[in-house]
Amino acid sequence: RTPQQQQQPPPRQLLPAAEEGLSTAHGSTANGMCAAETDELVRQVLRDAAVCSWRCLGLTPSAVLEHVRKRYLLLAKRLHPDKLAHEKSKDAFAALESACKDCMAQIARRSSP
């Protein structure tokens, strides 16, 4: 392991209970999350994006391109500013896009000879 990989904290669970097939609390928003889940997801993505792109996506650096794409699409549905009425949804979505691009670039560098 490289020193950078050793310093990275483990990925967190980014998806609320609704994504895992569990029912959500009363007061769900249009994207299926309650206000507390929405706020926590936005804060977590913004916080994790400042630390590590992999952590922002909830993945490890050993993830493959397909995992990055799937995770991005899943989180993008939750954080898209057109679907999420949160004051920082644009910032969180931009951070998610940036993290996805960074992870994809790292995979491309890792894959090239």
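These legends go with close-up views of a predicted model, taking in a helix pair and several salt bridges.

View 1. Helix α4 spans residues 65–79 and helix α5 spans residues 89–111. On the α4 side, look for Leu 65, Val 68, Arg 69, Tyr 72, Leu 75, Ala 76 and Leu 79. The α5 side of the contact includes Phe 93, Leu 96, Cys 100, Cys 103, Met 104 and Ile 107. Sorted by class, the contact has 13 nonpolar, one polar and two charged residues.

View 2. Lys 70 counts as exposed, because its relative accessibility is 53%, while Glu 66, at 47%, counts as partly exposed.

**View 3. Asp 39, Glu 40, Arg 43 and Arg 47 form one network of salt bridges that share partners.** One of the pairs to find here is Arg 47 with Glu 40, whose side chains meet at 4.0 Å, N to O. Arg 47 is partly exposed at 35% relative accessibility, and Glu 40 is partly exposed too, with a relative accessible area of 30%.

**View 4. Arg 55 and Asp 48 meet in a buried salt bridge pair.** The N to O distance here is 3.4 Å, and both Arg 55 and Asp 48 are buried. This pair is one of five salt bridges in the structure.

Terms used. Residues numbered from 1 in each chain as written. Predicted model: local features only at pLDDT ≥ 70, side-chain atom pairs only at ≥ 80, totals over all residues. Heavy atoms only, no water. Axes fitted to C-alpha atoms, helices over the stretch in contact; angles between N-to-C directions. Helix = DSSP H or I, 4+ residues; strand = E, 2+ residues; numbered from the N terminus. Contact = heavy atoms within 4.5 Å. Nonpolar A, V, L, I, M, F, W, Y, C, P; charged D, E, K, R; others polar. Buried < 20%, exposed > 50% of the residue type's maximum accessible area, 1.4 Å probe, protein only.
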